Amino acid sequence: MKLFYARASLEDARIVVCGLPVDKTSSFLPGTKFGPMYIRYCTENIESFSPYQENDLQKLKICDLEDLKLEDQDWYAETRKFVEKHFNPDKKFIFLGGEHTITLPIIEVLRKYYKKFSIIHLDAHADLRDEYLGNKICHATVMRRAGDIIGLENIYQFGIRSGTGQEFKLHKNLYKFEVYQPLRKIIDKIPGPVYLSIDVDVVNPAVLPAVSTPASGGISFQEMIDSILLFKNREIISLDIVEFNPLAGNPYASGTAVAEILRELILIL
Ligand SMILES: [Mn+2]
């Protein structure tokens, strides 16, 4: 199954969507591997027209590459190989998770094309641990490892409301609780180009409960949309949407919210 509005071939497309159904290190609720499948299914329930941006996805050349088929030998190498094979800096890529750890092989590949870039990270969790449950590479360490690759000072985190005292102290570009207000203030100062990593648990779990590690509090759906709209004049090189877990709650309401977030992100690119 493909996204219904994705009718372009890979050659013709300006925007390429693909699923990376990696689900290896979830410490609480496994199931993110079904994320891409349910995002496509729930997309059947939304309009291609955005009332927020007064624009329609049907006007754009979008290709859906469907999902990486993991052979379950070495997910990291398999994911990096898949991204390496398809990535093209003349197109915008949207990677659908899967767990958050997929960001790492993606940015390793992007590093070959962009000497320097910033990551804007929206999440309930800081993900800055050096190690979690014996793992150096997992959903709870992903931004720390990303910092090893591009420099922690090039990562800007918003909406964070869960982490250890050490994580909150470690990082100066960490904005607690809110996304829209702090992002609006500094978005023009963040050096470009920008890679966007969105863990959908940044949204309040009453709105989007189907995530692997729900955290109380969080931003409203409207704040999510308003925050996306702030990127209107910023170059985004590519982005990921991660941690949607259809097994962890009603998958249809949450999946519809993710499908709408995806629509708004495609239209802002
Ligand atoms: Mn998270």
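How many bridges join β1 and β5, and in which sense do the two strands pair? β1 and β5 pair in the parallel sense, over 6 bridges.

## Basis of the description

This is a predicted model: local features need pLDDT of at least 70, side-chain atom pairs count only at pLDDT 80 or more, and totals for chains, interfaces and linings use all residues. Residues are numbered from 1 along each chain as its sequence is written.

## Overall dimensions

The protein has 8 helices and 10 strands; helices (H or I, at least four residues) and strands (E, at least two) are DSSP runs numbered from the N terminus. Along the principal axes, the C-alpha atoms fill a box of roughly 45 × 40 × 40 Å.

Of the 269 residues, 48% are buried. A residue is buried if 20 or more other C-beta atoms lie within 10 Å of its own, exposed if 12 or fewer, and partly exposed in between, with C-beta atoms placed from the backbone. Among contacts between residues at least 6 apart in sequence, 78% join residues at least 24 apart; two residues are in contact if their C-beta atoms, placed from the backbone, lie within 7 Å.

## The sheet

An open sheet is formed by 8 strands in the order β4-β1-β5-β10-β9-β6-β7-β8, with parallel pairing. The edge strands, each pairing on one side only, are β4 (62-67) and β8 (174-176). From one strand to the next the twist averages 15 degrees. Two strands pair if DSSP finds at least two bridges between them.

β5 runs parallel to β10, and 4 bridges join the two. Leucine 96 stands opposite isoleucine 241 in β10, while valine 17 has isoleucine 94 of β5 as its bridge partner. Strand β6 (residues 118-122) pairs with β9 in the parallel sense over 5 bridges; there, serine 118 has valine 194 in β9 as its bridge partner.

## Strand β5

Helix α8 (residues 251-268) lies across β1 (15-20), β4, β5 and β10, and runs at about 180 degrees to β10. α4 lies across β6 and β7 (155-160), at about 165 degrees to β7. Axes are lines fitted to C-alpha atoms, for helices over the stretch in contact, and angles run from 0 to 180 degrees between N-to-C directions.

The axes of α3 and α4 come within 10 Å and cross at roughly 15 degrees. α3 and α4 are therefore roughly parallel to each other (angles under 35 degrees count as roughly parallel, over 145 as roughly antiparallel, 65 to 115 as roughly perpendicular and the rest as oblique). The contact is made by Thr103, Leu104, Ile107, Glu108 and Arg111 of α3 and by Val142, Arg145, Ala146, Ile149 and Ile150 of α4.

In α3 (residues 103-113), Thr103, Pro105, Ile106, Ile107 and Leu110 are buried. The cover over the buried residues of α3 includes α2 (75-86), β5 (92-97), α4 (142-150), β9 (194-199) and β10 (236-242).

## Backbone features in the loops

Glycine 97 and glycine 98 are joined by a cis peptide bond with omega of about 15 degrees; glycine 98 is in the loop between β5 and α3. Another cis peptide bond joins glycine 192 and proline 193, with omega of about -10 degrees. Proline 193 is in the loop between α6 (180-186) and β9.

Glutamate 54, in the loop between β2 (49-50) and β3 (55-56), has a positive phi near 50 degrees. Glutamate 54 counts as exposed, with 8 C-beta neighbours inside 10 Å. Glutamate 243 lies in the loop between β10 and α8 and has a positive phi near 75 degrees. With 31 C-beta neighbours inside 10 Å, glutamate 243 counts as buried.
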